[in-house]
Amino acid sequence: MDLMNTLRIFLTVLILISVPLSAIDRGPVVSFSYSPSGIGYLSAPGPEGNGGDTTKPESGSGLTSASRLYLSGGYYYDYLQADLSYTRTNISKQVSDFNSEDGLKSAVDSSILLRCGYRFSIPGDTSYTWFYAGLKRYSYESFGGTDVTAYGWLAGYSGFYSFGLSSNYEFVLALDLYLGTYRFDNFSSDNGYTGVSKRYSVISGAGIGAGVQYEPYNVTLLLKLSADINRIAYDADYQGSSRKFSTGSLSGCIGFEVRYTIPSESYNEKIK
């Protein structure tokens with residue numbers, strides 16, 4: 001009986017120790033970001049079928065030529081995480097490299113992205129490392145009647161790291177990096193191109209944010225810097241002659257981001 005009692009006590013202690021470590025960490029992940037300041041560049045078909053045209057911000061508009069809105073909602077359960085996001089970038093005050101006297105240009109760059117992947121974290125801790133794969137729908141409306149819709153895939157890394165301070169506030173560092181390509185696309189413009197075919201495409205981007213997180217509610221405010229490249233290069237015919245051009249944008253924006261990521265207040269207190 002002494003051996004059985006000792007075994008029961010040992011198993012009871014083992015279970016009590018293991019419960020917090022084996023608890024399932026789960027909860028919503030919600031983000032909102034607005035970046036009112038930024039710089040942007042555009043690519044589109046040139047006028048009168050003259051190959052490609054690119055633009056740059058007019059003089060004095062280096063940090064006022066792009067702005068970005070970002071919304072994201074998702075959920076994580078143990079080692080899995082997924083989210084759905086929407087991004088809209090407005091690029092304006094652009095001067096054409098082909099014809100600088102033709103007035104200022106602008107474009108709208110928007111996308112819907114579904115991501116899913118493996119999350120490395122410790123239960124009760126909001127810090128995590130996330131490796132993901134994603135499907136992206138991209139829309140680009142620019143000068144010259146350029147209208148592009150594309151679908152592609154990408155892979156990336158996202159990190160969210162909190163560092164404890166002497167109060168309920170924590171310093172936070174957020175990182176993001178991704179790369180991919182578009183597989184299907186639909187192109188149209190007012191430039192009279194025929195036989196348009198994609199040569200290559202690039203999806204790329206990165207982000208870095210720093211800020212403060214308030215516990216136990218885990219609401220975070222970040223100063224966020226993000227950059228995106230969406231580029232699709234084409235071959236085409238114009239009145240019997242071949243043309244090469246690209247569509248898409250390159251932009252970098254700075255602003256603020258608010259994040260909410262928490263399993264539950266009681267869960268956090270239990271872990272602590």
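This is a predicted model: local features need pLDDT of at least 70, side-chain atom pairs count only at pLDDT 80 or more; totals for chains, interfaces and linings use all residues.
Two strands pair if DSSP finds at least two bridges between them.

With strand 7, strand 6 runs antiparallel, and 15 bridges join the two. Within this pairing, S139 stands opposite T149 of strand 7. Strand 5, residues 105-121, also pairs with strand 6, residues 128-142, in the antiparallel sense, over 14 bridges. There S110 stands opposite S139 of strand 6.

Strand 5 and strand 6 form a hairpin with six residues between them. In its turn, G124 has a positive phi of about 90°. Strand 6 and strand 7 form a hairpin as well, with three residues between them. The turn here contains G144, whose phi is positive at about 75°.

T149 itself belongs to strand 7, which covers residues 146-164. Is T149 buried or exposed? Its relative accessible area is 17%, and the cut-off for buried is under 20%, so T149 counts as buried. Leaving aside residues up to four places away in sequence, T149 touches R137, Y138, F184, D185 and N186.

Positive phi values also turn up away from glycine. Most residues other than glycine have a negative phi. D78 has a positive phi near 60° and is not a glycine. D78 sits in the loop between strand 3 (66-77) and strand 4 (80-96). D78 counts as partly exposed because its relative accessibility is 31%. Q239 is another residue other than glycine with a positive phi, in this case near 50°. The loop that holds Q239 lies between strand 10 (219-238) and strand 11 (241-261). Q239 counts as exposed because its relative accessibility reaches 70%.

How many disulfides does the structure hold? It holds zero. A disulfide is a covalent bond between the sulfur atoms of two cysteines. Among the cysteines of the model, C116 is partly exposed, at 45% relative accessibility. C253 has a relative accessible area of 1%, so C253 is buried.

Methods
Residues are numbered from 1 along each chain as its sequence is written. Side-chain values use heavy atoms; hydrogens and water are left out. Helices (H or I, at least four residues) and strands (E, at least two) are DSSP runs, numbered from the N terminus. Buried means under 20% relative accessible area, exposed over 50%, partly exposed in between (1.4 Å probe, protein chains only). A disulfide is a pair of cysteine sulfur atoms within 2.5 Å. Contact means heavy atoms within 4.5 Å.
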